[in-house]
Each structure stands twice: as structure tokens, then as C-alpha cells.
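Thanks for making the time this morning. I would like to walk through one model with you, going from a single pair of elements out to the chain as a whole.

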Amino acid sequence: MEFQGRYRQAQTSKYDCLLFDLDDTLYPLSSGLAVACRNNIEAYMVEKLGIDESKIPVMCNLLYKYYGTTMAGLRAIGYEFDYDDYHSYVHGRLPYENLKPDPVLRNLLLSLPLRKVIFTNGDKVHAAKVLSRLGLEDCFEGIICFETLNSQPDPPQESSKTDIFDIIDYFSKPNVSIEDLPKTPIRCKPSEAAIEEALKIANIDPKRTIFFDDSLRNIQAGKRVGLDTVLVGTSQRLKGADFALESIHNIRQALPQLWEEEDKREGVRYSGKPAIETSVTA
């Protein structure tokens, strides 16, 4: 397995792995990629899926709320599309030029000889572009991405209106149950099953891992599967977060124990040459 054998760790340390979300975690929300991504998703829904533009804001909010991502929700309610086509449309138009090399973060990451793994709902091409722009290509052992947890479905068939579950109409009725919502075939955060599968694939022990993410619901899901958690993007430690960082650059101030433990571990060294993986396979 790609993730095995990269690091030797002293078993007396609390953590042996740092698990990082990518978007709006390793770079700030102010970069504008999140807004552009949402705009691209909405455009895809209109152009490729033929959804009425007036319904999209409400639909997107419901799909994101109940399925974790709009993409997962669209598949759940009956829309058929090619995953690669979706990612190419949604991520291919992002303003990656807004991301600049981050030598401060790079030095922080490389100063810790712990396992460092990316866990993103994004696809492998997007993840590689972001890390390249930030100058962090060689800072991580591997990437758990969309393709890690999801295989491409059968060739998409054109969806008819009768095949589509009307989620807006469903939630306009009184006393509805989320248990009756159609299930999605896509695995992604914040699904606890998806997180557990990702940890299994990467051979990560949740009890010895600290998880960084800008999404509170992802953090809370991570906490439920046994991870220690860091909420990034706010200094307010909300329920489910063991730590909170206004910026990922504050990691050393908020978690000095990571460096203090390393100072005590004389002779423990990184045992292999760091290399980025653009995808991870089980």
C-alpha cells in the first residue's frame, strides 16, 4: 500500500499523523476559489443538467445540507452525469492564479517528520493544481481524494423529469423525514462511513491522528470516528473541535506540543524521500 512505510515514529508520541483538508484550509477563503466553485456548480446545473435557474439557490442549499456536497445530492435525486466531466467543468475554470506559493506553511509542514496526508472531496487534478500553486507538492505523503472513494458509474443516461426526486417540493411539506430521502452513491465528507473508509485505505489510526478542516460538520464527523480535530478559519472553538485556528499559519502557536514532542525524539528521522501522490488506490 502506498501509505505504508514512509515514516518511523516514536510510539510514545500522541500523534503520528496529521490529516488535512485542502480547500479553504491550506489557503484562505479570501482567495475566491470557493465562490467561483459555487458559481461553476450552478452554471453546470443549468447548462448540463437543464435545471431551472430560479430553483438552483434553494436546491443547492438543500443538497449541500443533506448530502455533504451538491454533486452527491444531484446523484442522489436522480441526475446522471460523468464525474470527470463534472469536475472538469466545476474546477477547470477556477482562478488558480489567485493562489501563491506559501513558504511559511511549507516550512511548518516540513519541520514535522510526522505523516501528513490530504483528505479532500475534490478530484485528483484539482488537488494537484492547488498544491502546486501553493508550493506544497512534496509536503504530503499522499492524497485521499474523490477518486479514492468513488469509482466512475456506468455511462450516464439522460435523466427524465419523472426520474428526478423533487427535493424542494419534498421539504415544502410538513413533517417530512430525512430518513426517506434517496441515498447517494457518492462517498464524501462529512459521511462517517466515508471518513472511516479513507482512514482504512491510508492505514491511519484515528486515535493517533489530528484532523484539520474548515468545515464544522466535517470536524464533528471526524470527532465521532475518533479523530482529534482542529477547526481552521476561526479562533472560536466550537463543539466538536479540540482546537481552533484563525489561519493554518497559527498551527505552531496553537499546537506547540507537536514540536515539543519532536524536540524530545532524538534520532527519529524521516525514513524516505517525500513524494506527492495525485491519487490513492486501495
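**Helix packing in a predicted model**

Let me begin with helix 1, residues 33–47, and helix 2, residues 56–67, which pack at an angle of about 115 degrees with their axes 11 Å apart. Please keep in mind that this is a predicted model. Since angles from 65 to 115 degrees count as roughly perpendicular, helix 1 and helix 2 are therefore roughly perpendicular to each other, and the crossing of the two is right-handed.

Which residues in helix 1 and helix 2 meet? On the side of helix 1 they are Arg38, Glu42, Met45 and Val46, and on the side of helix 2 they are Ile56, Pro57, Met59, Cys60 and Asn61. By class, the residues of this contact divide into 6 nonpolar, 1 polar and 2 charged.

At the N-terminal end of helix 4 the cap is Asp82, with a side-chain oxygen 3.0 Å from the backbone nitrogen of Asp84.

Stepping back to the whole chain, we have 12 helices and 6 strands, and of the 282 residues, 49% are buried. Finally, if we take the contacts in the chain with a separation of 6 or more, 72% of them are accounted for by residues 24 or more positions apart.

How values were computed:
Residues are numbered from 1 along each chain as its sequence is written. This is a predicted model: local features need pLDDT of at least 70, side-chain atom pairs count only at pLDDT 80 or more; totals for chains, interfaces and linings use all residues. Side-chain values use heavy atoms; hydrogens and water are left out. Axes are lines fitted to C-alpha atoms, for helices over the stretch in contact, and angles run from 0 to 180 degrees between N-to-C directions. Helices (H or I, at least four residues) and strands (E, at least two) are DSSP runs, numbered from the N terminus. Angles under 35 degrees count as roughly parallel, over 145 as roughly antiparallel, 65 to 115 as roughly perpendicular and the rest as oblique. A crossing is left-handed if the near helix is turned anticlockwise from the far one by less than a right angle, and right-handed if clockwise. Contact means heavy atoms within 4.5 Å. Ala, Val, Leu, Ile, Met, Phe, Trp, Tyr, Cys and Pro count as nonpolar, Asp, Glu, Lys and Arg as charged, and the others, Gly among them, as polar. A polar contact is a pair of N or O atoms within 3.5 Å; within protein, one must be able to donate a hydrogen and the other to accept it, and residues adjacent in sequence count only if both atoms are side-chain atoms. Buried means under 20% relative accessible area, exposed over 50%, partly exposed in between (1.4 Å probe, protein chains only).
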